[in-house]
Amino acid sequence: MTGPVAAPSTLLLGRYDEAGRLRFIARTAPLSATARREVGGLLSPGGTEHPWQHRRFSAGWGTRETIDHRPVVPDIVVEFAGDTAVDDGRYRHPVRYLRVRDDLSPAQLPLSPATPSLPA
C-alpha cells in the first residue's frame, strides 16, 4: 500500500501462486476517504519477512519511476473492478477498490498461475 498504514492512499494487490509466492496483480486508483478509513483499520505493517519488503514496483506501465510502498500483512481480501488490459497476470491500469471481503480469506481464493499466461 502507499501512504500511511492507518489511512492508505492506494493498495497494491497480490495473490498467491501455486508455489506459495505472493504475486503482484494490481494497484488501486486513489482510495476515497471512506475506503481509507475502512481498509486502514484492518491493516497491520508487514515485518521484515514480508516477500515485498525490498521489492520495487513501477509507478506506471512503461516508466522507470517506482512507488514508495509499505508492505502490510497480506491477510485481507478486497473486491475490485478492473478493465480487460491484463499482461502477464497483472492489470495494466489501476483498478477500482469496491469493498473489503471479510467473508473470505486469502486461502479461499483460487491460486494465481505460477507462470501467468495471457487470455486467449
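**Entry 1: ground rules.** I note that this is a predicted model, in which local features need pLDDT of at least 70 and side-chain atom pairs count only at pLDDT 80 or more, whereas totals for chains, interfaces and linings use all residues. Residues are numbered from 1 along each chain as its sequence is written, and side-chain values use heavy atoms, with hydrogens and water left out.

**Entry 2: the chain as a whole.** I listed 1 helix and 6 strands in the chain, where helices (H or I, at least four residues) and strands (E, at least two) are DSSP runs, numbered from the N terminus. Read from the N terminus on, the elements follow the order β-β-α-β-β-β-β. For the radius of gyration, which is taken over C-alpha atoms, I used the globule rule of 2.2 Å times the number of residues to the power 0.38; a compact globule of 120 residues would come out near 14 Å, and the chain has 14 Å, which agrees. Along the principal axes, the C-alpha atoms fill a box of roughly 40 × 35 × 30 Å.

I then looked at contacts (heavy atoms within 4.5 Å), and found that residues 24 or more positions apart account for 58% of those in the chain with a separation of 6 or more. Of the 120 residues, 28% count as buried, with buried meaning under 20% relative accessible area, exposed over 50%, and partly exposed in between (1.4 Å probe, protein chains only).

Entry 3: I returned to strands β1 (residues 12–16) and β2 (residues 22–27), which run antiparallel and are joined by 5 bridges; two strands pair if DSSP finds at least two bridges between them.

**Entry 4: A26.** Not counting residues up to four places away in sequence, A26 touches L11, L12, L13, Y91 and V95. One of these, Y91, is 65 residues from A26 in sequence, yet the C-alpha atoms of the two are 5.3 Å apart in space.

**Entry 5: D68 and R56.** I placed D68 in the loop between α1 (33–40) and β3 (78–81), and R56 is likewise found in the loop between α1 and β3. D68 counts as exposed because its relative accessibility is 56%, and R56 counts as exposed because its relative accessibility is 68%. C-alpha to C-alpha, D68 and R56 are 8.1 Å apart in space and 12 residues apart in sequence. For comparison I also took R56 and P45, which are 11 residues apart along the chain and whose C-alpha atoms are separated by 17 Å. Leaving aside residues up to four places away in sequence, D68 touches M1 and T2.
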